[in-house]
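Reader: Could we go through this model together? I would like to begin with the strands and then turn to the helices and the core.

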Amino acid sequence: MYTPPQIPPFEFGTTESFDALRSTIPPRLMALAAKGPALLGLDSPTIVVAGMAHLAAALGRSVLLDDGTHKLAAGFNLAVMADACSATEWLPSIGKGWLDEAASLRSLTTDEARALIRQYMQEIAVREPRSRAGDPQIDLHLDHIPENVVNMLRTQYVGHKTDPVAMAHSLVHSSDHATAALNGIMDPFHEWARLTPGKQRQLDEMFTRSWMGKPMEMTSKGDSVLASLTCLWQTHISAVRDAFRRKPSTLTQTPPPILLLRQQGTSKRFPGIEATEFAEWARVLNTAFASRLQSVKPAVMVLEPEIKQLAATWFAQFEAALAKTPQTIQPWLSWLPDLVLRIYQVLLMSSSIHTALITLPGDKEQIRPLSLLEKQKTMSDAIALTRWLAQEHFQSVQGILAGGALTFTDSTDTEALEDDILQRLKDHGPLHPRDLQRSFHALSAHTRDSAIQRLKSKGLVTIEPDGMLRQAA
């Protein structure tokens, strides 16, 4: 009998290893991520998170998870932060498998939309015993179809403006009320910072309502629909800092549920999108989006008691860890535990799509529902990925609020490392050297001890009798 692995204690600021998560990641995505440096110039973790976000966006609201209160879509918000000198847009390349298809649907002209309706009507006529495809009544009826009905075929699944009115317009024109917001001409956080306070609040509310699975108000009359809005943004660290610090700004009071991830690597100007790994991942996204277009109504997942218990363990751990963080940072983190429900859906759907893609035509035996044991493992994998993402987000927020460099690995720059150690002692108070070491992704004991000795000799830190490291008064 399968026994779910014990979930180790969780605490913000400790190290979660990406290498230990490779087996939890969808195989086609991991294959692409493994070639990340060669094909895109980016490290595997960056591609993995971007790929999962694109798969969730491609699914839209075709699959929902019932958490007992609301029905949640798989989509989650992602902002990948790069240095100011990095301007290459690589994020859409990872989503080509569904973005190209979504763009082609939106680009239909009115005449093309009417031609598509005519095609459908002809196909129906052929199946009717007393009708024929060339029936002139088809064109007669077609001429009387209202313009707004024709425009229903001109769906909009992707928006490019950081503005609540534009995003609401995209949702209204999405056939399933799910829209992904991608970069426009300007950096999305620069656009956000320049919105009026009223529009900032509207935008924040749209993201929050979507995240909570609550209806959104779409018109001035108070009309509301169940809709899902997700962003997949590339941004500069300076733009995020500017948006968070600019006054007046709602971001500092009610930070939206947007996962912040530091881009690792320098993106290539010409990514290797012709590679086999790209093509295989594109098939996954295309399958997800095709299933979305064919869905009459969303498929609803329920959490079995055993799966709920695993998730509840994670939520309890997170709540205890959040209480130990400074109150000023808690609003930026409080939404993170719900990310596990999105990752769970992404992993389940990617498994189903992978099985469908390797199943031969006519071979139905391989396509089967996942067993409870497989779902338990999937939830355990989702928790492990969420823990890692929570640490990445936490470090990003710390770096932004502190105004210093966003350091994610051991640094050979001794001054930068010393500054980072002092900042951690300032934020968290006295730390044991082992706990300090764990707050970095790859800090060796030797490098840690050398930095501590340099700081001690400068009179910047003291070591207490109990071994705790403290910032000097």
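**Sheet, helices and core**

Author: This is a predicted model. In it, 3 strands make up an open sheet with mixed pairing, in the order β2-β1-β10.

Reader: Which are the edge strands?

Author: They are β2 (71–73) and β10 (299–302), each of which pairs on one side only. From one strand to the next, the twist averages 35°.

Reader: In which sense do β1 and β10 pair, parallel or antiparallel?

Author: Strand β1 (residues 63–66) pairs with β10 in the parallel sense, over 4 bridges. L64 stands opposite V300 in β10.

Reader: Turning to helix α12, which of its residues are buried?

Author: In α12 (residues 237–245), the buried residues are I237, A239, V240, R241, A243 and F244.

Reader: And what do the buried residues of α12 pack against?

Author: Their partners are the strands β3 (77–82), β8 (228–236) and β9 (258–262), together with the helices α10 (188–193), α15 (330–333) and α17 (372–402).

Reader: Is S93 buried or exposed?

Author: S93, which lies in helix α4 (residues 91–94), has a relative accessible area of 14%. That is under 20%, so S93 counts as buried. Beyond four places away in sequence, S93 touches P271, I273 and F278.

Reader: Now the largest nonpolar core: which residues touch the most other members?

Author: Of its 113 residues, these are F12, W98, W233 and M379. Another core, of 11 residues, lies apart from it and includes L417, L422, L436 and V461.

Reader: What does F12 touch?

Author: Leaving out residues up to four places away in sequence, the contacts of F12 include F318, L322, L336 and F394.

Terms used
Residues are numbered from 1 along each chain as its sequence is written. This is a predicted model: local features need pLDDT of at least 70, side-chain atom pairs count only at pLDDT 80 or more; totals for chains, interfaces and linings use all residues. Side-chain values use heavy atoms; hydrogens and water are left out. Buried means under 20% relative accessible area, exposed over 50%, partly exposed in between (1.4 Å probe, protein chains only). Helices (H or I, at least four residues) and strands (E, at least two) are DSSP runs, numbered from the N terminus. Contact means heavy atoms within 4.5 Å. A nonpolar core is a set of buried Ala, Val, Leu, Ile, Met, Phe, Trp, Tyr and Cys residues joined through side-chain atoms within 4.5 Å. Two strands pair if DSSP finds at least two bridges between them. Axes are lines fitted to C-alpha atoms, for helices over the stretch in contact, and angles run from 0 to 180 degrees between N-to-C directions.
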